[in-house]
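Subject: Structure handover

Hello,

Here is the structure I said I would pass on. Please open it alongside this note.

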Amino acid sequence: MKDVITAGVDGTAESLSAIRWAAEEARLRHARLRLLHAWVLLAPEPTPRPEADEDQNYWPHRMMNDAATMVHARFPDLPVDEVLVAKDPPVALQEAAEESDLLVLGSRDLGPVSRYALGELGLRLVTHTASPLVLVRARQEPGAHEGAGGVMVALSLHDPCEALLAFAFDSAARRGVTLRAVHGRHLPSYAYNRGGGVEPIAAEEAEQDARQELAGALRPWRDKYPDLRVDERVVMESPAPALLHSAADAGLLIVGRRHRHRLPGTRIGHVVQAVVHHAPCPVAVVPPE
């Protein structure tokens, strides 16, 4: 554990929401909050800092000051570091993720035409960060921390999920809320008859098998967190819509990312892409162990 939560600062409304979320997370973890602004054209920082009318980095300093003031107004005892980095944002944020327990960024509330395009910066970071990445939209406040909504984790059961479950159980335990573990699965081909209808007995058997697999994956973690309430849910439909339907009242949705070397380029998988764009709450993307 590095005991550092890093939040990206760029002056946008979604950035401010991300900073508030990150500050609450840092409080829960008894960690430092690092506010990071990166811009390749930042001027060298002289010592002492010049007056405002001579400060070439006046606007970055003002963004940082506004962000820090907002945090201190709500959490006066929270340690906060303000960092300006003269690098391209993707490079600086990826390096920051290596040094942090969590990287928190604002995520645009995209319109219907462009909502399937995460953007180059977000896509690169989602697929390559070494630590969990949380994306927060401007309208999303840290409600899960304040008791509104629980923590939800999406489980595929096809890949190793120890890092994902560790993050999920720890997040729910810190907040004192229920952990909702959701597994979405298509009905197998044998559950359909020749007319395209569903055979009730076969469908029930397939769902029972999925419930047993989910219970088996969660059992060791239930033993580690005996006081944590866990709601196990199996939804027999395509995983992406199953998760989005189940996340309607969640305060935080946690998903696992595919191994970054398994597929070429910057593909994140259709399930992660769907929840990043459409989930009604902040989304944490956890890299594989």
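Below is what was found, from the overall make-up down to single residues.

First, the ground rules. This is a predicted model: local features need pLDDT of at least 70, side-chain atom pairs count only at pLDDT 80 or more, and totals for chains, interfaces and linings use all residues. Residues are numbered from 1 along each chain as its sequence is written, and side-chain values use heavy atoms, with hydrogens and water left out.

Overall make-up

The protein has eight helices and 10 strands. Both are DSSP runs, numbered from the N terminus: helices are H or I with at least four residues, strands are E with at least two. Of the 289 residues, 47% count as buried. Buried means under 20% relative accessible area, exposed means over 50%, and partly exposed lies in between (1.4 Å probe, protein chains only). Take the contacts with a separation of 6 or more: residues 24 or more positions apart account for 80% of them. Contact here means heavy atoms within 4.5 Å.

Cores

A nonpolar core is a set of buried Ala, Val, Leu, Ile, Met, Phe, Trp, Tyr and Cys residues joined through side-chain atoms within 4.5 Å. The largest one has 47 residues. Leu33, Leu35, Val104, Leu155 and Ile254 have the most contacts inside it. A second, separate core of 30 residues includes Ala97, Ala154, Leu253 and Val276. Leaving out residues up to four places away in sequence, Val104 touches Ile5, Thr6, Ala7, Gly8, Ala18, Trp21, Ala22, Val134 and Val136.

Helix pairs

Look at helix 1 (residues 13–29) and helix 2 (residues 58–74). Their axes come within 10 Å and cross at roughly 40 degrees. Axes are lines fitted to C-alpha atoms, for helices over the stretch in contact, and angles run from 0 to 180 degrees between N-to-C directions. Helix 1 and helix 2 are therefore oblique to each other. Under 35 degrees counts as roughly parallel, over 145 as roughly antiparallel, 65 to 115 as roughly perpendicular, and the rest as oblique. Leu16, Ile19, Arg20 and Ala23 of helix 1 make the contact with Ala67, Met70, Val71 and Arg74 of helix 2.

Helix 7 (residues 239–246) and helix 8 (residues 270–278) also pair up: their axes come within 9 Å and cross at roughly 30 degrees. That makes helix 7 roughly parallel to helix 8. Pro239, Ala240, Leu243 and Leu244 in helix 7 meet His270, Val271, Ala274, Val275 and His278 in helix 8.

Single residues

Arg137 sits in the loop between strand 5 (133–136) and strand 6 (151–154). Is Arg137 buried or exposed? Arg137 is buried, at a relative accessible area of 4%. Its side chain reaches two backbone oxygens: that of Val276 at 2.8 Å and that of Ala279 at 2.6 Å.

Ala96 belongs to helix 3 (residues 89–98). Ala96 counts as buried because its relative accessibility is 4%. Its C-alpha atom is 9.6 Å from that of Gly8, 88 residues away along the chain.

Most residues other than glycine have a negative phi. His30 has a positive phi, near 55 degrees. This residue lies in the loop between helix 1 and strand 2 (32–38) and is exposed, with a relative accessible area of 72%. Leu157 has a positive phi too, of about 70 degrees, and is found in the loop between strand 6 and helix 5 (162–175).

Best wishes

How values were computed. Polar contact = N/O pair within 3.5 Å; in protein donor to acceptor, adjacent residues only side chain to side chain.
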